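The exercises below ask the reader to work through a set of contacts one step at a time. Each task sentence is followed by a solution.

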Number of protein chains: 2
Amino acid sequence: MNRQSHTTRTSRALPIALLRARETVMAPIRDMLQGIQLTEQKWRILRVLDEMGEVEQSTIANEACLLLPSLTRILRAMENDGQISRRQGSTDKRRTMVKITDEGRQILEENLATSLAIHNTIEAQMGQEKIDNLLDLLEELQAVKV
Amino acid sequence: MNRQSHTTRTSRALPIALLRARETVMAPIRDMLQGIQLTEQKWRILRVLDEMGEVEQSTIANEACLLLPSLTRILRAMENDGQISRRQGSTDKRRTMVKITDEGRQILEENLATSLAIHNTIEAQMGQEKIDNLLDLLEELQAVKV
DNA sequence: ACAATTTACTAAACATGTTAAGTAGTAAAG
DNA sequence: CTTTACTACTTAACATGTTTAGTAAATTGT
């Protein structure tokens, strides 16, 4: 009987397995981002805004997996840097509506090639079928109610 | 043509998909940890130490996906709390060898049931086959060279 | 209409993440 | 043997993560 008889191997524990896999994928992306003075979080926010158009902050928080207090600070910085714009909601004045600016969109476009190249490197090693399969399973896991 | 013509949908982008899936799994685990005054990081460290025995800090950093500066601080706190013990390496004095204490192991044992229950809830909804398949794919992705 | 509750966000405090720089011990090269 | 490089970690500074508390606007209950 080995020493970890009472727990699952960490490589078969979902939280750690997801984290390790993500670190592998993020390593080269972090390299890319460092070159353009953008954090991982800001990159996610730009991606979400580009995809969803003008949305309220809570939506960004949900989609980009950030808590509102973090988002408050990060969006303040991004607004100062001209990557996003904010305005008060018209019908509901509690809401802050956020959208990506042309400058923000340009950052995405300028780094699309690098981003794709990283994805292709991974796909070349694992195969497109497995990647698709993995993404399907991840979407399904995300929808589980806990 | 929709507005995100130049990027992949975020739900099909590996980094965000991995993050969202992880948030789903972690939510109930964070609830559990809050009840026992343990952070997600400390829990990972205990799991890794329980699995690997006495190891140097760099190994913990790799396995638990933490950077060394974070680990330095966290292990200092965990040593104060009696959950781990540290000693200088005998042959190589640069190394710090770390192992879990009985107190640390007890924390794992006391929360094993909750941890298993969470896993079972997820398994009940997705099915064991899919979970196994997902874990296989995650291990494979983690091994990709980028 | 009014009080109570809820929602969307902000503020503050402390832990952790992240990068750069520093220290001490070890290994490699000449 | 000595200089040089490298390795394992620590420290410091600042960004972000996380929790708790607070504010203002909207909603609900009566």
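**Exercise 1. Salt bridges**

How many salt bridges does a search of the whole structure find over all chains?

Solution. The model is a predicted one, in which local features need pLDDT of at least 70 and side-chain atom pairs count only at pLDDT 80 or more, while totals for chains, interfaces and linings use all residues. Residues are numbered from 1 along each chain as its sequence is written, chains are lettered from A and ligands numbered from 1 in the order in which they are written, and side-chain values use heavy atoms, with hydrogens and water left out.

Step 1. A salt bridge is taken as a side-chain nitrogen of Lys or Arg within 4 Å of a carboxyl oxygen of Asp or Glu. By this rule, the search over all chains returns 30 salt bridges.

Step 2. One salt bridge within chain A joins the side chains of E40(A) and R44(A), at 3.5 Å from N to O. Because E40(A) and R44(A) are 4 residues apart in helix α2 of chain A, about one helical turn separates them. Helices here are DSSP runs (H or I, at least four residues; strands are E, at least two), numbered from the N terminus.

Step 3. Between chain B and chain A the count is 10 salt bridges. The side chains of E139(A) and R12(B) form a salt bridge with an N to O distance of 2.7 Å.

**Exercise 2. The interface of the two protein chains**

Describe the interface of chain B and chain A by its contacts, its buried area and the elements that build it.

Solution. Step 1. With contact meaning heavy atoms within 4.5 Å, 59 residues of chain B touch 59 residues of chain A.

Step 2. Chain B and chain A bury about 6400 Å² between them, and 65% of this lies on carbon and sulfur atoms; buried area is the accessible area (1.4 Å probe) that two parts lose on being put together, summed over both. In chain B, the residues that lose the most area to chain A are H6(B), R12(B) and E51(B), which together make up 11% of what that side buries.

Step 3. Polar contacts (pairs of N or O atoms within 3.5 Å; within protein, one must be able to donate a hydrogen and the other to accept it, and residues adjacent in sequence count only if both atoms are side-chain atoms) are searched next. Across the interface of chain B and chain A, the rule finds 18 residue pairs in polar contact, both residues being at pLDDT 80 or more.

Step 4. On the side of chain B that touches chain A, two or more residues come from each of α1 (14-35), α2 (40-52), α3 (57-64), α5 (102-126) and α6 (128-143) of chain B. Of these, α1(B) gives the most, with 15 residues.

Step 5. That side of chain B divides into 28 nonpolar, 12 polar and 19 charged residues, where Ala, Val, Leu, Ile, Met, Phe, Trp, Tyr, Cys and Pro count as nonpolar, Asp, Glu, Lys and Arg as charged, and the others, Gly among them, as polar.

**Exercise 3. Symmetry of the copies**

Which rotation superposes chain B on chain A?

Solution. Step 1. The superposition is by least squares on the C-alpha atoms of residues with pLDDT of at least 70 in both copies. A rotation of 180 degrees, with 0.0 Å of shift along its axis, places chain B on chain A with an RMSD of 0.0 Å.

Step 2. The two copies are therefore related as by a two-fold rotation axis. The same surface serves both copies, as 100% of the contact residues of chain B recur in chain A.

**Exercise 4. The DNA strands**

Which residues are closest to DNA strand C, and which come nearest to DNA strand D?

Solution. Step 1. A residue is near a strand if one of its heavy atoms lies within 4 Å of it. DNA strand C is surrounded by 27 residues, the closest being S58(A), T72(A), T96(A), R73(B) and R94(B). Around DNA strand D there are 27 residues, of which S70(A), R73(A), S58(B), T72(B) and T96(B) come nearest.

Step 2. For DNA strand C, a side-chain N or O atom of R94(A) is 3.0 Å from a base oxygen, and a polar side-chain atom of R76(A) lies 3.1 Å from a phosphate oxygen. For DNA strand D, a side-chain N or O atom of R94(B) is 3.0 Å from a base oxygen.

Step 3. The largest share of the surface near DNA strand C, 5 residues, comes from α4(A), and α4(B) gives the most to the surface near DNA strand D, with 5 residues.
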